[in-house]
Amino acid sequence: MPTVINVGVIGAAGRMGQAVCHAVAADPDLDLVAAVDRSRAGDELDSVVGLDGSELVVAEDVAELTAAGTDVVVDFTVVEAARVNLAAVAAGGIHAVVGTTGFTDDDLEMLRSSFDSSNCLVAPNFAVGAVLMMRFAEMAAPLFETAEVIELHHDGKIDAPSGTAMRTVERMAAASSDWADDPTDNEMVAGARGGMGPGGIRVHSVRLRGLVAHQEVLFGTTGQTLTIRHDSTDRTSFMPGVLAAVKRIEDLPGLTIGLESVLGI
Ligand code: NAD
């Protein structure tokens, strides 16, 4: 990787994309060389993101990434767009750091096979506190018989449950298969008990204006409960993890899931 890494951002006009553009522009080791977003194609990045001094114009197509000499692309879009765009990024031999959520297991297999000449990291959550929350939940899982996950997000989030909630439950289910049966036999309002994730663990999704990204993992056993809670109160919470992944991606061959290997935990 060169001394200064050329970074391109897909979804640059979105909530996360804008935060990434600011974080990359402020990092002396990184150079923001391309911004792609269908909704604002042709507009100056300055006017879209409020990034004084940038001379970039928002591109419509990911072909711009190669033309701009991108070393690493950061993608925060929607899963339907990411499927198509990441195939082109892989074909171009560009590394990818992906925060988009909603990938299926088949999507991840596709990424694993398509990134053969460059690397790809997909993380459902780039906030260090959320990464620790998932680890702590995995540690607690074998010691409790009942557990439920409540994830809470802003009212612009279109997928449910969140990628973080799914990953948390997958890891809890992998750590323990010894969960008590759900006693509910009369659900007066459909969905009142939430959705059933891996291991039969219930997941509840809350969407509220004013929130950013929050999650509680509740555990219960005889006479005691444990609540593990993480709050991202601002999108800047994700940026140290995104920048660390951009700087480490060259050393992580193939497909990496989660931020753990970047953080060394
Ligand atoms: P957003 O709706 O604000 O932004 C998405 C952007 O993608 C939009 O500007 C849209 O125009 C653009 N886009 C859509 N299709 C495109 C295409 N084909 N080509 C180029 N650009 C395209 O959403 P957001 O809040 O920024 O979230 C984006 C994604 O990031 C979601 O999947 C969300 O769940 C995820 N997310 C992940 C983390 C994490 O830490 N991994 C944190 C927050 C959000």
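Where does Ser 237 lie? I looked this up in what is a predicted model. I placed Ser 237 in the loop that runs between strand 10 (224-232) and helix 8 (239-248).

**Entry 1: surroundings of Ser 237.** I checked the accessibility of Ser 237, which at 28% relative accessible area counts as partly exposed. I then listed its contacts, setting aside neighbours within four places in sequence, and found Phe 126, Ala 127 and Ser 232. I also noted that the side chain of Ser 237 reaches the backbone oxygen of Asp 234 at 2.8 Å.

**Entry 2: aromatic pairs.** I searched the whole structure and recorded two aromatic pairs. Phe 144 belongs to the loop between helix 6 (128-140) and strand 6 (146-153), and Phe 219 to strand 9 (residues 213-221), so the pair ties together parts 75 residues apart in sequence. Phe 144 is buried, at a relative accessible area of 11%. Phe 219 is buried as well, at 3%.

**Entry 3: a cis peptide bond.** I noted that most peptide bonds are trans. The bond from Ala 160 to Pro 161 is cis, with omega near -5 degrees. I located Pro 161 in the loop between strand 6 and helix 7 (163-175).

Notes:
Residues are numbered from 1 along each chain as its sequence is written. This is a predicted model: local features need pLDDT of at least 70, side-chain atom pairs count only at pLDDT 80 or more; totals for chains, interfaces and linings use all residues. Side-chain values use heavy atoms; hydrogens and water are left out. Rings of Phe, Tyr and Trp (its six-membered ring) pair if their centres lie within 6.5 Å; planes under 30 degrees apart count as stacked, over 60 as edge-to-face and the rest as tilted. Helices (H or I, at least four residues) and strands (E, at least two) are DSSP runs, numbered from the N terminus. Buried means under 20% relative accessible area, exposed over 50%, partly exposed in between (1.4 Å probe, protein chains only). Contact means heavy atoms within 4.5 Å. A polar contact is a pair of N or O atoms within 3.5 Å; within protein, one must be able to donate a hydrogen and the other to accept it, and residues adjacent in sequence count only if both atoms are side-chain atoms.
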